[in-house]
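Please read the points below alongside the coordinates.

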Amino acid sequence: MKLSRREPSAAPEIDTDSAAEASDSGPPRKGRPTPKRRDSQGKRGPVSAPRSRKEALARQKQLAREQKTARAAATPRTVGEQRAALKRGDPSALPRRDQGNTRKLARDYVDSHRMLSNYLLVLFPIMILGIVVPAAQLVVLVAFLGLLVEWYIVGRRIRALALERFGEAQGGNLSIGFYAGSRAYLIRRWRLPAPQVERGDPI
């Protein structure tokens, strides 16, 4: 009986691509070089050294200003600092009713013009007198009507200036005029924010 001889089976083919991917995805072997730190973290942006002493001082001052601004933003103001900021007209310290270009224009208009509202405080004694003297009540009524007319006219002027300069105006004629009148009756040194223009200055 003759036995048949089997041919040796062919060796299985090895997929070199999958083997390479597996070796790349797995942990690096001992013989593989460790990547450098600068290659693994990426390149940093170029930082040029100051060319002169003047440039170095300028950079130092700019850094100090940025740090000071950051500290000021993080630290709340004291009552004295808040009042000082409000007095000089710092926008971050202004209440909502005083914010905006139209309000700033109204304050400058009041501070640079003489108005009937400047004498509004004089009406309060007359109002008290009106309790006893009925004729004084008529004087107060006429004065208030005159103030309303003035507030409307002043508000219309300020609104027209705001539209001309800024393209918009915050509020109507009477609301802007009332804001102007509520500032005008105060004594100049009592006004907050403090006046930024002198009487008679153009605005």
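The numbered points that follow begin with the basis of the values and then take up these topics in turn.

1. This is a predicted model, in which local features need pLDDT of at least 70 and side-chain atom pairs count only at pLDDT 80 or more, while totals for chains, interfaces and linings use all residues. Residues are numbered from 1 along each chain as its sequence is written, and side-chain values use heavy atoms, with hydrogens and water left out.

2. Ser112 belongs to helix α5, residues 101-112 (helices are DSSP runs of H or I with at least four residues, numbered from the N terminus). Ser112 counts as buried because its relative accessibility is 5%, where buried means under 20% relative accessible area, exposed over 50% and partly exposed in between, with a 1.4 Å probe and protein chains only.

3. The side chain of Ser112 comes to 3.3 Å from the backbone oxygen of Tyr109. Once neighbours within four places in sequence are left aside, Ser112 is in contact (heavy atoms within 4.5 Å) with Val197, Glu198, Arg199, Gly200, Asp201 and Ile203.

4. A salt bridge here is a side-chain nitrogen of Lys or Arg within 4 Å of a carboxyl oxygen of Asp or Glu, and by this rule the count comes to 6. One of them joins Arg191 and Asp111 at 2.8 Å, N to O; since Arg191 lies in the segment after α8 (173-184) and Asp111 in helix α5, the pair ties together parts that are 80 residues apart in sequence. Both Arg191 and Asp111 are buried.

5. Glu198, listed above among the contacts of Ser112, also forms a salt bridge with Arg188 at 4.0 Å, N to O. Both partners lie in the segment after α8, so this pair ties together parts that are 10 residues apart in sequence. Glu198 counts as exposed at 53% relative accessibility, whereas Arg188 is partly exposed at 24%. Salt bridges that share partners join Asp111, Arg183 and Arg191 into one network.

6. The axes of helix α6 (residues 123-130) and helix α7 (residues 134-166) come within 7 Å and cross at roughly 145°, the axes being lines fitted to C-alpha atoms over the stretch in contact and the angles running from 0 to 180 degrees between N-to-C directions. Among the residues that meet there are Leu123, Ile126 and Met127 in α6 and Val140, Phe144 and Leu147 in α7.

How values were computed. Helices (H or I, at least four residues) and strands (E, at least two) are DSSP runs, numbered from the N terminus. A polar contact is a pair of N or O atoms within 3.5 Å; within protein, one must be able to donate a hydrogen and the other to accept it, and residues adjacent in sequence count only if both atoms are side-chain atoms.
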